[in-house]
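Subject: Structure handover

Hello,

Please find the structure below, for your files. My notes on it come after.

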Amino acid sequence: MKSFFYGVLFFAFVGCSSGTAGLDDVLRVNHIQIKGTHNSFHTAPDPFVLIDWDYSFAPLDVQLQDQGVRQVELDVHYTPDHGFDVFHLPQIDQGTTCETFVECLSIVKKWSDGHPGHHLLFILVEPKDEIDQEKIAGHYDELDQEILSVWPRQRVLEPDDVRGAHATLREALETDGWPSLGETRNKAMFIMLDSGQHRDAYLALHPNLEGAVFFARGGMGETWSSVMETGNLETIREAAMAGYLVRTTVGGPDDDPAGLGARANELLAAGAHIISTDYPAKEEDRDWWLDLPGGTPSRCNPVTAPAECTSEAVEDL
């Protein structure tokens, strides 16, 4: 009874904590535009191997607190009787700021607990076992359970929460749209970052994502589809207008910084919801980093948000 009482107090406090309550029932999850990071755990290998891997991130909580990041990406690898570890590739690119999936999730959850009123966080999880001896296939329930061991269901936006009484997720989005910001504050949404065998195997367990923890990427027009990933500006705008959440990327070690500002502006103007980068903050030896003009740190989506939306109404901690 005591834990329930404190939970009620927590969420009552959250509802007033960020000064956003005036539009919390108007603005929806797809009305926002946020900064994310690619391989958010990554530290560059030493000695240097490939230019593609020559980037390092601050710890996840520093990204959230100081760099305005609201989406993180975690690569997971499975070990029997141990669970899931987080790194890019075994041996050759294994540097990470948090070693296990549970540890990484706990860092994000602790930050969330300490900052009531934040808008929905997006956690992208990539099953990364192409060159691993142990495969992730057959262990998706364990992956779900590791998430729920850190993030309780009441703090996770799941596909069933969006579907509601509708037959499919797509029908729900076309009829009712995404939940409001008020309904999803202090929560996290998990997206499986795969468009092949892992996604298909997870969908075999959850045909329309019923009972699923993860949302699935891709599948425009499919009954389960809700999240797209593309760099095509026309497709970004089309998908955003159709109610999809769109993730895209800009800025990596082998990109010419001279063109990144213009490219980022194009992606922002096209209506991408999540713009991920290897450079979320100013660095001494780089002339470019991703910034969301007018964000606090996130902002209104220029394609999907209603006219009354303000960055402060999205999040203003």
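The notes go from the whole chain to single residues.

This is a predicted model, in which local features need pLDDT of at least 70 and side-chain atom pairs count only at pLDDT 80 or more, while totals for chains, interfaces and linings use all residues. Residues are numbered from 1 along each chain as its sequence is written, and side-chain values use heavy atoms, with hydrogens and water left out.

Whole chain

The chain holds 11 helices and 11 strands. Both are DSSP runs numbered from the N terminus: helices are H or I with at least four residues, strands are E with at least two. The chain has a radius of gyration of 19 Å, close to the 20 Å from the globule rule for 317 residues, so it is as compact as a globular protein of that length. That radius is taken over C-alpha atoms, and the rule is 2.2 Å times the number of residues to the power 0.38. The C-alpha trace spans about 50 × 45 × 40 Å along its principal axes.

Of the 317 residues in the chain, 54% are buried. Buried means under 20% relative accessible area, exposed means over 50%, and partly exposed is in between (1.4 Å probe, protein chains only). The accessible surface of the chain is about 13,400 Å², and carbon and sulfur atoms account for 51% of that surface. The areas come from the Shrake-Rupley method with a 1.4 Å probe; for residues, only the protein chains shown count as cover.

Among contacts in the chain with a separation of 6 or more, 71% are between residues 24 or more positions apart. A contact means heavy atoms within 4.5 Å.

The chain carries 22 positive and 52 negative charges, and their mean positions are 6 Å apart. Lys and Arg count as positive, Asp and Glu as negative, and His and the chain ends are not counted. Each charge is placed at NZ of Lys, CZ of Arg, CG of Asp or CD of Glu.

Disulfides

A search of the whole structure gives two disulfides, a disulfide being a pair of cysteine sulfur atoms within 2.5 Å. With the bonded cysteines numbered in sequence order, the pairing is 1-2, 3-4.

- Cysteine 98 is bonded to cysteine 104, with 2.1 Å between the sulfur atoms. The link of cysteine 98 and cysteine 104 is right-handed, at 105 degrees about the S-S bond. Cysteine 98 has 1% relative accessibility and counts as buried; cysteine 104 is buried too, at 0%.
- Cysteine 300 is bonded to cysteine 309, S to S 2.1 Å. The torsion about the S-S bond of cysteine 300 and cysteine 309 is about -90 degrees, so this disulfide is left-handed. Cysteine 300 and cysteine 309 are both buried.

Glutamate 126 is in strand 4 and is buried, with a relative accessible area of 16%. Leaving out residues up to four places away in sequence, glutamate 126 touches Glu73, Leu74, Asp75, Val76 and Leu193. Glutamate 73 is 53 residues from glutamate 126 along the chain, and their C-alpha atoms are separated by 7.5 Å.

Lysine 128 sits in the loop between strand 4 (121-127) and helix 4 (140-150). Lysine 128 counts as buried at 13% relative accessibility. With residues up to four places away in sequence again left out, its partners are Asp75, Val76, His77, His88, Leu89 and Ile136.

Backbone points in loops

The peptide bond from threonine 296 to proline 297 is cis, with omega near 0 degrees. Proline 297 is in the loop between strand 10 (274-277) and strand 11 (299-300).

Asparagine 39 is not a glycine, yet has a positive phi of about 50 degrees. Asparagine 39 lies between strand 1 (32-37) and helix 2 (60-66), in the loop, and counts as buried at 3% relative accessibility. Asparagine 186 also has a positive phi, of about 70 degrees, without being a glycine. The loop that holds asparagine 186 runs between helix 7 (181-184) and strand 6 (188-192), and asparagine 186 counts as buried at 1% relative accessibility.

Alanine 167 is in the loop between helix 5 (159-163) and helix 6 (169-175), and counts as exposed at 52% relative accessibility. Alanine 167 and glutamate 210 are 43 residues apart in sequence, with 9.9 Å from C-alpha to C-alpha.

Regards
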